[in-house]
Amino acid sequence: MKPRITLPAEWAPQTAVQLTWPHRDTDWAYMLDDINSTYVEMASAIASRELLVVVTPCEEEVRTLMAGKVNMENVVFHTCQTNDTWARDHGLLTLSDGTALDFCFNGWGEKFVADKDNAINASLYASETLRKRLGIDRREDHNDFVLEGGSIESDGRGTIFTTTGCLMAPHRNQPLTQQDIDRELRRRLHAERIVWIDYGHLEGDDTDGHIDTLVRIAPDNTLLYIDTDDTNDAHYADLKAMEAQLRSLQTVEGAPYRLLRLPLPHPIFDEDGLRLPATHANFLVMNGAVLVPTYAQPDVDDEAISTIQKAFPNHEMVPIDSRAIIRQHGSIHCCTMQFPVIKPE
């Protein structure tokens, strides 16, 4: 009997992680030095543990930035044009059988130009060398369906978490109903069930409420979720409603989930005084390590790191200062996309 096809959990063994690198023609132009420094730090952490795939139109510039700081023997470049850097949302979703799912990325509901980013996956797949290194057997074109990687979480056993706020937002998959989208997600992702989270939204979030900013799945039926006890915080009521919904959920076996609470960072604002969507839930699980976003808030950062360590007790916690990333309304998970190890049938 063939093993069941699933979307692997993020903590499953990985072959590689992708970064789509910032450049002067992206929204990062005004702060390129700052974000390049952060990306080099992420690249160093990734390439010390597994293969790093760097997508960029500026290979030589990135090589110069990495020189002496990154294990270049574990880095492979793919050159193509890009609009922006959010690999989580434009990247391939790789199934356990080596099928790479290429969904439509339309700039989070046509908010931003995304034509070049939506073409990255086909360009990656066209590289036979890269396909072999990543273990990708085939690419399925799902460009008739809008889906960002940050909008879903998989437990690797057939359950997918998502949010109604994002997947039902305008300019994605209308006129499909929630029931229609639920059916399409199960069919395309080979899932048994979709768990819809109905609450949770961060001010400044361009994604309409990606699950990877709110609730993350971890081993042993564990959910990490963001919360605040500050009754004056604008997010208080909605996050408490989300917590109540999480407490009501059950696993496929009918047991409650183990819940671990991540503190909401103290408010961070942009140059115009608008709040940014800082969250510690936007971490990346890798082979033997977790890259955890931090925001120069030791009390909150330390509590978040300690909590994530409880969910991944055998992983090293690697804090990455994400104050530069959050200025463009994302964090570590948003910048990255993992490729799972594909086991032969």
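This dialogue covers the cavities and salt bridges of a predicted model.

Biologist: How many cavities of 30 Å³ or more does a search of the whole structure find?

Modeller: The search finds four. The largest has a volume of about 250 Å³, and 24 residues line this cavity, with L7, P8, E10, R88 and Q338 the closest to its centre.

Biologist: Which element gives the largest share of that lining?

Modeller: Strand 16 does, with three residues. Strand 4, strand 7 and strand 10 are also among the elements that give two or more residues to the lining of the largest cavity. By class, that lining divides into 14 nonpolar, six polar and four charged residues.

Biologist: What is the make-up of the lining of the second largest cavity?

Modeller: Its lining has two nonpolar, eight polar and one charged residues. The space inside is about 50 Å³, and the lining residues include D205, H210, H329 and C334.

Biologist: How should I read a salt bridge, and how many does the structure hold?

Modeller: Side chains of opposite charge can pair when their charged atoms come close. The structure holds 31 salt bridges. In one of them, D34 and R327 meet at 3.3 Å, N to O. D34 is in helix 1, while R327 is in the loop between helix 12 and helix 13, 293 residues apart.

Biologist: Are the residues of the E148 and R172 pair buried or exposed?

Modeller: The side chains of E148 and R172 meet at 3.2 Å, N to O. E148 counts as buried because its relative accessibility is 1%, under the 20% cut-off. R172 is buried too, with a relative accessible area of 8%.

Conventions
Residues numbered from 1 in each chain as written. Predicted model: local features only at pLDDT ≥ 70, side-chain atom pairs only at ≥ 80, totals over all residues. Heavy atoms only, no water. 1 Å grid on protein atoms, 1.4 Å probe; cavity = no way out; pocket = protein on both sides within 12 Å on 5 of 7 lines; lining within 4 Å. Points joined across faces, edges and corners; volume = space filled by probe spheres on them. Helix = DSSP H or I, 4+ residues; strand = E, 2+ residues; numbered from the N terminus. Nonpolar A, V, L, I, M, F, W, Y, C, P; charged D, E, K, R; others polar. Salt bridge = Lys/Arg side-chain N within 4 Å of Asp/Glu carboxyl O. Buried < 20%, exposed > 50% of the residue type's maximum accessible area, 1.4 Å probe, protein only.
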